[in-house]
Amino acid sequence: MNQHIKASGDTADPTHARTEASQDVVRLVDLKRRFGVTAALDGISLTVRKGEILGIIGRSGAGKSTLIRCLNGLERPDSGEVFIEGREISRLGERDLQPLRRRIGMIFQHFNLLSAKTVEDNVALPLKIEGRPKAERLARAAELLDLVGLSEKARAYPASLSGGQKQRVGIARALAARPALLLSDEATSALDPETTRSILALLRDINRQLGLTILLITHEMEVIRSIADRVAVIDAGRIVEQGPVWSVFADPRSDITRSLLGAIRPQLPAELAARLLPAAGAQTILRVDVAGEAASGPLLSDLAVAVPGSFRLVHGGIDHIQQQPVGTLFLSVPGSDANHLADIIAFLKARQARVEVLGHVANPV
Amino acid sequence: MSPILFELLLRSIWETVLMTAASGLISLVFGLPLGLALIATERGGIAESLWVNRALGAVINGFRSVPFIILLVALIPVTRLIVGTSIGTWAAIVPLSIAATPYYARIAEVSLREVDRGLIEAARAMGGNRWTIIREVLVPEALPGIVAGFTVTLVTLIGASAMAGAIGAGGLGDLAIRYGYQRFETSVMVAVVIVLIILVCGIQWVGDRLVARLDRRG
């Protein structure tokens, strides 16, 4: 059950591409862009399917911003193709891009609201650009402000709003022209954790209610975890890993992904990690990663029954991502009997768990 | 102060106000678009054209580096071409405008440059064209600075108009030199200074109030 697609420049399996090409809102083919000597994009290929939320994660400078800007022509690739709803746009002139951009909403890290306009005028601006009559613009703005829960702020100016409220206005504005795709450029990076959760919940609702396709870039795995359906990990302008979020979380293949996951996956307590020795000791510490079926069954009690002898759970737990259980357990096994340890590892591996011997300690507590 | 001198003072006030207002208005009408052109054509601007940018910059710097009193005389042929005469209040408005326009263009440029590039990007992402960006983003967002800069320009023009006496334009500066200084009419000198202080303070006050009302940046 390998859900990962390795970074070789090819898209999802070709049968999908052929049969559901019309369902792809975005398709990127071998996108390249250099700034001087650095390659911001070094052969990016990916698709975003209709109605899904694709999260692109990477460290700063990985090429995320350049990538998202290629999708609405704010940035031009040196080579490669950008298909939006089946139409290649990377060679279009500014004038041809303008109607296309109205099909694509965008929200920003720093909100980018116009300080001289009221909240409702900010929300209505995309419609003004489209040349809609004023009554229609204001009606639509009222409708959207209701959707994002800011009706009473219609006449306020952005300076009087909190960060979370500003981003809600940004979202309402991005939706004004009924886009087919929403681009989110680090939309929650300037917000505190609680506000981040409420903004992500709003984006999730919009995705479900309106069936809106969302492509978001972020450097926070927490964002990916809470709303994305699929994730692509980008590093030095290349996609190093992509797949359903739960599967990438359960089985990260690249060092970058592992390090980005670092903060939100269970870690061996630092105090214990400091005492780890490479040489055999009284106790052996195992890291056990489980996902899907393996994580949903009574793994530990089965282990206790199947392999007589003791072991101890020192840290860890089971988390749920996209309704899939994904977990990391740290077990301490007495090191005196090598066969006992081997039996435990064999049992766990038979249950599709990934097991790693981290080291040995004199005392696990 | 004799009634005749008082009447002269009133006329001089009117001449100064006329010169300042007319050349201020002209510098606004031409200087703001020039400032926009400077911003639009610079590297990364909405109508990038470095060649045009450098040419505009050179012309503006050229006019700004000539002392006003020299510009006043050097522009006499141009003034005659436009107004029909090279003497009087209306004739002074031409060199005043020509000096104030590049000055105001630079001030407007500074305000416009302070507009967050993210806002321009947002307008582009919405499908806006250059005109949209100018009308909906650049000018409204820079408006407080544009107005504050216009206030500064008007005050500078009041000062510059004092030199316009050199081509017979009259005005408060001319009155102060001819009566207050050359004829030792201290009362005229004092009156002119007081009127100038009131004028400058009044313009600054109105400008500041307007900026405060326009500024929504919180």
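Which pattern does chain B follow when read along the sequence? In this predicted model, the pattern of chain B is α-α-α-α-α-α-α-α-α. Chain B holds 9 helices and 0 strands. Taken along the principal axes, its C-alpha atoms fill a box of roughly 65 × 40 × 25 Å. Chain B has 218 residues, of which 45% count as buried. Among the contacts in chain B with a separation of 6 or more, 71% are made by residues 24 or more positions apart.

Chain A was examined by domain. The assignment gives domain 1 of chain A as 5-103 + 179-263, and domain 2 of chain A as 268-361. The C-alpha centres of domain 1 and domain 2 of chain A are 35 Å apart. Contact between the two involves 7 residues of domain 1 of chain A and 7 residues of domain 2 of chain A. On the side of domain 1 of chain A that touches domain 2 of chain A, helix α9 (residues 245-250) of chain A gives the most, with 4 residues.

One open sheet of chain A is built from 4 strands in the order β3-β2-β5-β6, with antiparallel pairing. The edges are taken by β3 (38-49) and β6 (87-88) of chain A; each has a single partner strand, so one side of each has no neighbour in the sheet. Strand β5 (residues 79-84) of chain A pairs with β6(A) over 2 bridges in the antiparallel sense. Within this pairing, A:Phe83 lies opposite A:Glu88 of β6(A).

Another open sheet of chain A also has 4 strands, ordered β13-β14-β12-β15 and paired antiparallel. Its edge strands, β13 (312-321) and β15 (354-361) of chain A, each pair on one side only. On average, neighbouring strands of this sheet are turned by 15° against each other, direction ignored. Strand β12 (residues 283-291) and strand β14 (residues 324-334) of chain A run antiparallel and are joined by 9 bridges. A:Asp289 has A:Thr328 in β14(A) as its bridge partner.

Helix α14 (residues 338-350) of chain A lies across β12, β14 and β15 of chain A, and runs at about 170° to β14(A). At 1.5 Å a residue, the 13 residues of α14(A) should span 18 Å, and the end C-alpha atoms are 18 Å apart, in agreement with that value. The buried residues in α14(A) are A:Leu341, A:Ile344, A:Ile345 and A:Leu348. Seen down the axis of α14(A), these buried residues fall within an arc of 95°, so they line one face of the helix. An α-helix has 3.6 residues a turn, so residues three or four places apart point the same way. On the face of α14(A) turned away from the buried side are the exposed residues A:Asn339, A:Ala342, A:Ala346 and A:Ala350. The cover over the buried residues of α14(A) includes β12, α13 (299-306), β14 and β15 of chain A. Just after α14(A), A:Gln352 has a positive phi of about 65°.

Helix α5 (residues 134-147) of chain A was treated likewise. Its 14 residues should span 20 Å at 1.5 Å a residue, which agrees with the 20 Å between its end C-alpha atoms. In α5(A), A:Arg137, A:Arg140, A:Ala141, A:Leu144 and A:Leu145 are buried. Among the elements covering the buried residues of α5(A) are α4 (119-130) and α6 (163-175) of chain A. A:Gly149, which follows α5(A), has a positive phi near 75°.

A:Asn122 is placed in helix α4 of chain A. A:Asn122 counts as buried because it has 25 C-beta neighbours inside 10 Å, the threshold being 20 or more. Leaving aside neighbours within four places in sequence, A:Asn122 is in contact with A:Leu113, A:Leu114, A:Lys117, A:Pro158, A:Val169 and A:Arg173. A:Asn122 and A:Ala154 are 32 residues apart in sequence, and their C-alpha atoms are 9.5 Å apart in space.

Notes: Residues are numbered from 1 along each chain as its sequence is written. Chains are lettered from A and ligands numbered from 1 in the order in which they are written. This is a predicted model: local features need pLDDT of at least 70, side-chain atom pairs count only at pLDDT 80 or more; totals for chains, interfaces and linings use all residues. The expected span of a helix is 1.5 Å times one less than its number of residues. A residue is buried if 20 or more other C-beta atoms lie within 10 Å of its own, exposed if 12 or fewer, and partly exposed in between; C-beta atoms are placed from the backbone. Two strands pair if DSSP finds at least two bridges between them. Axes are lines fitted to C-alpha atoms, for helices over the stretch in contact, and angles run from 0 to 180 degrees between N-to-C directions. Domain bounds come from an automatic or database domain assignment. The arc is that of the directions from the helix axis to the C-beta atoms.
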